[in-house]
Amino acid sequence: MSSLIANLDTALAWLSTRLYESLLIYLLLGVGLYMSLRTRLVQVRMFPQMLKAIGSSRSDADGGISSFQAFCVGLASRVGTGNIAGVSVALVLGGPGSVFWMWMVALVGMATAFVEATLAQMFKVRNPDGSFRGGPAYYIQRGLGSRTWGIVFAVLLIFAFGFAFNMLQANTISGSLASTFEIDSSWIAVGLMVFAAPIFYGGVRRVAKVSEIILPVMALIYVGMALVIVALNITAFPEVIRQIVAGAFGLDEALAGTAGGILAALLNGVKRGLFSNEAGMGSAPNTAATATVSHPVKQGLIQSFGVFVDTIVVCTATAFIVLVSGVYQPGVSPDGDGGAVLTQNSVAASLGTWTTVPMALLVFVFAFSSIIGNYSYAEINLNFLGLQGSRLRVLQTLVLAAVGFGALAKLETVWMLADVAMALMATVNLIAITLLGRWAFGALRDYDAMRRSGQDVRFVGRGNPHLPGDLPGDVWDPVEPADTVRTRA
């Protein structure tokens, strides 16, 4: 059995390296730059509108979930292992310079996230109960006219988020709780399955309600803890920034070779950045489509802001905590753990051992919220494949089993499996949004024109001069005045 796992690790490592070195780095950054230019740096010029869209999002909820809930479900999947364990893994394997490339992925990725979420809104479909569903599988089929590639994406996402990523989140929870409370991993696996089952069986709306409550609070607690550590170590801040920038370009001789050099920083920064903020991966659009908004661009702005919160705020906070702790050594994984345990140890080194238990609970909440957010993505894509109602019970049971197995699995194997799944899914989605980008750019022009003219921002998908054509379906049909309807009757 051990030789089989070793062979699997070798094969996954080879495939992951080939995918990222030869394809995904260039595709991810290239598409992000292209989207940034075509949207005229939407992530910069419309940043105030992002804040406004989140503040006013609750009033739009009617028939689906609110855009704020969609933001929280997206954040539930983003803010998790990638922020706490993923940053630590990147620092161990790629050195401080990996954080710089995480920033770059996020900054251009904000434009990518805007485009994919806007497309998800534009090509969404209505459920019989008045709610909505959509995402890359839907805009590939309805926008590009390819049911086959829509199915390919849906299958990749179901595997990645239903199984690989949920195994990884469970693994992080298991390592953290086992280290802190000395609980046997088998009991942790059982406990996770018991907690997850009622939420899985409750569907996307229950996921939205849970995420809306716990995620903002926990994210604020973690960022608040990080700010305390920053305040206590404020004199070290310039040195941390210097290490990050110098490490990204191989300018720090003290770090040379300890974590693999420039290429290791770039590879690990891109991998962990994509895993953390998911910009371009095609995951968050699945939830973005379920929101009820008056204009697709509103949800695009909200999801773009989610990338900023995830990487520029939360991941940077984690990086600072680790780099000032005195625990971290590039290329060295303490006690075999380069994940959440390193972050927990770093917090304890700065604030005291009393933080061990609160940090373990934060890791649990972040990772568990990602488990339920990930499942919601898988369910939406199963609906695309025609599996609904009682037939979803099979997926729910299998995902619960994956959560239990992930809590017991080997960390390196789970990370590599997640990396490969993520790369394949992102490749399909990035190509799709590049081909469909003109629809999102047209929607942005429409939104800008309405704001400049002072009109009520209300999107229509037929006869819109800013779009390359009419959108399929009736979700964005013009709303006729009541007197016109009465006259017809």
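Colleague: Where is T355 found?

Modeller: T355 is in the loop between α15 (340–351) and α16. Helices here are DSSP runs of H or I with at least four residues, and strands are runs of E with at least two, numbered from the N terminus. This is a predicted model, in which local features need pLDDT of at least 70 and side-chain atom pairs count only at pLDDT 80 or more, while totals for chains, interfaces and linings use all residues. Residues are numbered from 1 along each chain as its sequence is written, and side-chain values use heavy atoms, leaving out hydrogens and water.

Colleague: Why is T355 called buried?

Modeller: Buried means under 20% relative accessible area, exposed means over 50%, and partly exposed is in between, with a 1.4 Å probe and protein chains only. T355 has 0%, so it counts as buried.

Colleague: What does T355 touch, not counting residues up to four places away in sequence?

Modeller: T355 touches V347 and A348 on that count; contact means heavy atoms within 4.5 Å.

Colleague: How do you know that the span of helix α16 agrees with its number of residues?

Modeller: The expected span is 1.5 Å times one less than the number of residues. Helix α16 (residues 356–384) has 29 residues and should therefore span 42 Å; its end C-alpha atoms are 43 Å apart, which agrees.

Colleague: What makes α16 largely enclosed by the rest of the structure?

Modeller: Of its 29 residues, 24 are buried, so α16 is described that way. After α16 comes G386, with a positive phi near 95°.

Colleague: Why are F100 and F249 called an edge-to-face pair?

Modeller: Rings of Phe, Tyr and Trp (its six-membered ring) pair if their centres lie within 6.5 Å; planes under 30 degrees apart are stacked, over 60 edge-to-face, and the rest tilted. By this rule there are 14 aromatic pairs. For F100 and F249 the centres are 5.2 Å apart and the planes 65° apart, which makes the pair edge-to-face.

Colleague: What does the pair tie together?

Modeller: F100 lies in helix α6 (residues 97–122) and F249 in the loop between α11 (237–248) and α12 (261–277), so the pair ties together parts 149 residues apart in sequence. F100 is buried, at 14%, whereas F249 is partly exposed, at 39%.

Colleague: What makes K124 a charge over the ring of F132?

Modeller: The rule asks for NZ of Lys or CZ of Arg within 6 Å of the ring centre and within 35 degrees of the ring normal. K124 lies over the face of F132, at 3.9 Å from the ring centre.
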